[in-house]
Amino acid sequence: YVSTASDGWQEEKVVHVWCSSDYLGMNFHPTVVEAAKTVLCNSGVGAGGPRTIFGNSSLHNTLESTLADLHQKPEALMFTSGYVANDTALTFLGRSLKSKGLV
């Protein structure tokens, strides 16, 4: 979990943030910060739009290729969130089962 302190206008206390995307607590890890600086300097700031509209960038392709290699698979697909990954997986599964006459 991520811990955060008060912003100064309230009594100082530690708050555990359970809904953060930084569940590994890596936001301020020196290696992560330096890697982010490098990417920002080379690629600029902002996504430009969702992947479905804006398309792929070389960063998307590199990440997916790296993930595929890591897991010894021919390809990998990156999703923007766990919700989108689950929605896609369940939609595909439902269509696949229906096309085979199993649903």
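How much accessible surface does the protein chain have, and what share of it belongs to carbon and sulfur atoms? The accessible surface comes to about 9,000 Å², and 61% of that belongs to carbon and sulfur atoms. Accessible areas here come from the Shrake-Rupley method with a 1.4 Å probe, and for residues only the protein chains shown count as cover.

This is a predicted model, in which local features need pLDDT of at least 70, side-chain atom pairs count only at pLDDT 80 or more, and totals for chains, interfaces and linings use all residues. Residues are numbered from 1 along each chain as its sequence is written, and side-chain values use heavy atoms, with hydrogens and water left out.

Start with the layout. The protein chain has 4 helices and 2 strands. From the N terminus on, the order is β-β-α-α-α-α. Helices (H or I, at least four residues) and strands (E, at least two) are DSSP runs, numbered from the N terminus. Of the 103 residues, 6% count as buried. Buried means under 20% relative accessible area, exposed means over 50%, and partly exposed lies in between (1.4 Å probe, protein chains only). Now take contacts between residues at least 6 apart in sequence: 5% of them join residues at least 24 apart. Contact means heavy atoms within 4.5 Å.

Turn to helix α1, residues 30-43. Val 32 sits in this helix. Val 32 is partly exposed, at a relative accessible area of 36%. Together with Tyr 23, Leu 24 and Met 26, Val 32 makes a nonpolar surface patch of about 430 Å². Patches are made of residues with over 30% relative accessible area and no salt bridge; like charges are joined within 9 Å, and nonpolar side chains (Val, Leu, Ile, Met, Phe, Trp, Tyr) within 5 Å.

Glu 34 and Lys 37 meet through their side chains in a salt bridge, at 3.2 Å from N to O. The rule asks for a side-chain nitrogen of Lys or Arg within 4 Å of a carboxyl oxygen of Asp or Glu. By this rule the count comes to 1 salt bridge. Why are Glu 34 and Lys 37 separated by about one helical turn? They are 3 residues apart in helix α1. An α-helix has 3.6 residues a turn, so residues three or four places apart point the same way. Glu 34 is partly exposed at 44% relative accessibility, and Lys 37 is partly exposed at 45%.

Next comes the loop between α3 (58-70) and α4, where Met 78 lies. Met 78 is partly exposed, with a relative accessible area of 27%. Not counting residues up to four places away in sequence, Met 78 touches Arg 51, His 60, Leu 63 and Glu 64. The C-alpha atoms of Met 78 and His 60 are separated by 7.7 Å, with the two residues 18 apart along the chain.

Beyond four places in sequence, His 60 contacts Arg 51, Gly 55 and Met 78. Glu 64 counts as buried, at 10% relative accessibility.

Finish at helix α4, residues 82-99. Its 18 residues should span 26 Å at 1.5 Å a residue, and its end C-alpha atoms are 26 Å apart, which agrees. The expected span is 1.5 Å times one less than the number of residues. Just after α4, Gly 101 takes a positive phi of about 75 degrees.
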